[in-house]
Amino acid sequence: MPALGTHLTYAPAPSRAETREQLSKATYDLLVIGGGILGISTAWHAAQSGLRVALVDAGDFAGATSSASSKLLHGGLRYLQTGAVKLVAENHFERRAVSRQVAPHLANPLTFYLPVYKGGPH
Ligand SMILES: Cc1cc2nc3c(=O)[nH]c(=O)nc-3n(C[C@H](O)[C@H](O)[C@H](O)COP(=O)(O)OP(=O)(O)OC[C@H]3O[C@@H](n4cnc5c(N)ncnc54)[C@H](O)[C@@H]3O)c2cc1C
C-alpha cells in the first residue's frame, strides 16, 4: 500500500468500445455474463484458480439487484410466511457456513428492531 503523501497516477479507464476491442482479440478460458454478486464471485473464484476470465455486463457492474442488497445474511426468514420451509432451511445452512467457515471475519451478529405495523403485512 502506498504511504501517505505518495503521488499516484491513474490510467484512465478504457472506453466501452476499447474494452470490446480487447475482448474480441484476446482468448479467455471463461466468459461470465452478468456482473452482479454472483457473476463477480464466479469470475473471482475462476481467476483465483488461474483461469483467464472475462466479465461483461449489459449495464454496469453491481448496477442491478446487487446494488440494493442490505448485505444481511438473514437466511430468508420472510419466506416462512409462504411455507417455503425447505428453502429457509437451506438458506440457514448457507448462513451458518458463511458466518462460521467461509468468512467469519466479515459476518457479525447484528441486533435490530423489526417494526410490525398495525394493518401491515406482518
Ligand atoms: C431491496 C433488496 C434488499 C436485499 N437485501 C438482501 C440482503 O440483505 N441479503 C441478501 O442476501 N440478499 C438481499 N437481496 C437479494 C440480493 O440482492 C440478490 O439476491 C443478489 O444481488 C442477486 O445477485 P445476482 O448477481 O444474481 O443478480 P444482479 O445483481 O441483478 O446481477 C445480474 C447482472 O447481470 C446483468 N445482465 C442481465 N442480463 C444480461 C445479459 N443478457 N447480458 C449481460 N449482462 C446481463 C445485469 O445488468 C446485472 O448487472 C436484496 C435484494 C433487494 C432488491
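## Briefing on a predicted chain

The chain exposes about 10700 Å² of accessible area (Shrake-Rupley method, 1.4 Å probe; for residues, only the protein chains shown count as cover), and carbon and sulfur atoms supply 61% of it. This is a predicted model, in which local features need pLDDT of at least 70 and side-chain atom pairs count only at pLDDT 80 or more, while totals for chains, interfaces and linings use all residues. Residues are numbered from 1 along each chain as its sequence is written, and side-chain values use heavy atoms, with hydrogens and water left out.

**Elements**
- Three helices and two strands make up the secondary structure of the chain; helices (H or I, at least four residues) and strands (E, at least two) are DSSP runs, numbered from the N terminus.
- Their order from the N terminus is α-β-α-β-α.

**Overall dimensions**
- The chain has a radius of gyration (over C-alpha atoms) of 20 Å, whereas a compact globule of 122 residues would have one near 14 Å, by the rule of 2.2 Å times the number of residues to the power 0.38.
- Along the principal axes, the C-alpha atoms fill a box of roughly 55 × 40 × 35 Å.

**Burial**
- Buried residues (under 20% relative accessible area) come to 11% of the 122 in the chain.

**Surface patch**
- Leu72, Leu110, Phe112 and Leu114 form a nonpolar surface patch with about 450 Å² of accessible area together.
- Such a patch joins nonpolar side chains (Val, Leu, Ile, Met, Phe, Trp, Tyr) within 5 Å, from residues with over 30% relative accessible area and no salt bridge (a side-chain nitrogen of Lys or Arg within 4 Å of a carboxyl oxygen of Asp or Glu).
- Phe112 lies in the segment after α3 (85–102).
- Phe112 counts as exposed (over 50%) because its relative accessible area is 51%.

Methods:
Patch = residues over 30% accessible without salt bridge, like charges linked within 9 Å, V, L, I, M, F, W, Y side chains within 5 Å. Buried < 20%, exposed > 50% of the residue type's maximum accessible area, 1.4 Å probe, protein only.
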